[in-house]
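Here is a short briefing to read with the model open beside you.

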Amino acid sequence: MTKKCGHVAIIGAPNAGKSTLVNALVGQKVAIVSPKAQTTRTRMLGVALAGETQIILVDTPGIFAAQRRFDRAMVAAAWDGAGDADMIALIVDGRAGAGPKVEKILEGLKDRPERKWLVLNKVDIAAKEKLLSLTTKLTEKCDFEQIYYISAAT
Ligand SMILES: Nc1nc2c(ncn2[C@@H]2O[C@H](COP(=O)(O)OP(=O)(O)OP(=O)(O)O)[C@@H](O)[C@H]2O)c(=O)[nH]1
Ligand SMILES: [Mg+2]
């Protein structure tokens, strides 16, 4: 059997649930999860296994616009995580929707060469009608190969 390995960058606004998803896929708590925004401050790696395939998950800080110098380092770490990925998964909080932070990420994401997936998270607490209009809004701005609706927490 051929063994395969790929890098997946998990990006998204603060609090979208990126670390929760990485922990769920890895099956272990590798990244800190908290209700506070900007919990993840640097790039973190986790490895998930699907049969013979190794999926290296890159959890990134949820910050893409910076005022302060320390924040700028986090923005760099966030896009850096996407840098050598085979694909990028954009995680969006399905209840909070797409504010200026998500818009800013879409701007940077749309022209990137990597394969892109859209993952709408927190479907356990999001309103179903809102998820559909949110999907339309997001897919108008960026071309996604796949769209998923998930609850990383459950
Ligand atoms: N209800 C619900 N809550 C979730 C879900 N996924 C994550 N959360 C909660 O959302 C909050 C933020 O989750 P994190 O995984 O820390 O989010 P993050 O995107 O890594 O945030 P930063 O590291 O700050 O960018 C936590 O309180 C999680 O428990 C979900 O599917 N459903
Ligand atoms: Mg995090």
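On the face of helix H4 turned away from its buried side sit the exposed residues Glu129, Leu132 and Glu140. Here buried means under 20% relative accessible area, exposed over 50%, and partly exposed in between (1.4 Å probe, protein chains only). Helices (H or I, at least four residues) and strands (E, at least two) are DSSP runs, numbered from the N terminus.

This is a predicted model, in which local features need pLDDT of at least 70 and side-chain atom pairs count only at pLDDT 80 or more, while totals for chains, interfaces and linings use all residues. Residues are numbered from 1 along each chain as its sequence is written, chains are lettered from A and ligands numbered from 1 in the order in which they are written, and side-chain values use heavy atoms, leaving out hydrogens and water.

**Helix H4**

- The buried residues of H4 include Leu131, Leu134, Thr135 and Leu138.
- They cover an arc of only 110 degrees around the axis, which puts them on the same side of H4; the arc is that of the directions from the helix axis to the C-beta atoms.
- The buried residues of H4 pack against strand E4 (87-93), helix H3 (100-109), strand E5 (115-121) and strand E6 (146-149), where contact means heavy atoms within 4.5 Å.
- H4 lies across E4, E5 and E6, running at about 155 degrees to E5. Axes are lines fitted to C-alpha atoms, for helices over the stretch in contact, and angles run from 0 to 180 degrees between N-to-C directions.

**The sheet**

- Six strands form an open sheet with mixed pairing, in the order E2-E3-E1-E4-E5-E6. Two strands pair if DSSP finds at least two bridges between them.
- E2 and E6 stand at the edges with a single partner strand each, so one side of each has no neighbour in the sheet.
- On average, neighbouring strands of this sheet are turned by 25 degrees against each other, direction ignored.
- E2 and strand E3 (residues 53-59) pair in the antiparallel sense over seven bridges, and leucine 49 has glutamine 54 in E3 as its bridge partner.
- E1 and E4 pair in the parallel sense over four bridges, with alanine 9 opposite isoleucine 88 in E4.
- E4 and E5 are also parallel, paired over seven bridges, and aspartate 93 stands opposite asparagine 121 in E5.
- Both faces of E4 are covered: Met87, Ala89, Ile91 and Asp93 are buried on one side, and Ile88, Leu90 and Val92 on the other.

**Helix H3 and valine 102**

- H3 lies across strand E1 (4-11), E4 and E5, at about 165 degrees to E4.
- Valine 102 lies in helix H3 and, at 7% relative accessibility, counts as buried.
- Leaving aside neighbours within four places in sequence, valine 102 is in contact with Ala13, Val92, Gly97 and Leu138.

- Serine 19 lies in helix H1 (residues 18-26) and threonine 40 in the loop between H1 and strand E2 (44-50), so the pair ties together parts that are 21 residues apart in sequence.
- Serine 19 is buried at 9% relative accessibility, and threonine 40 is buried at 11%.
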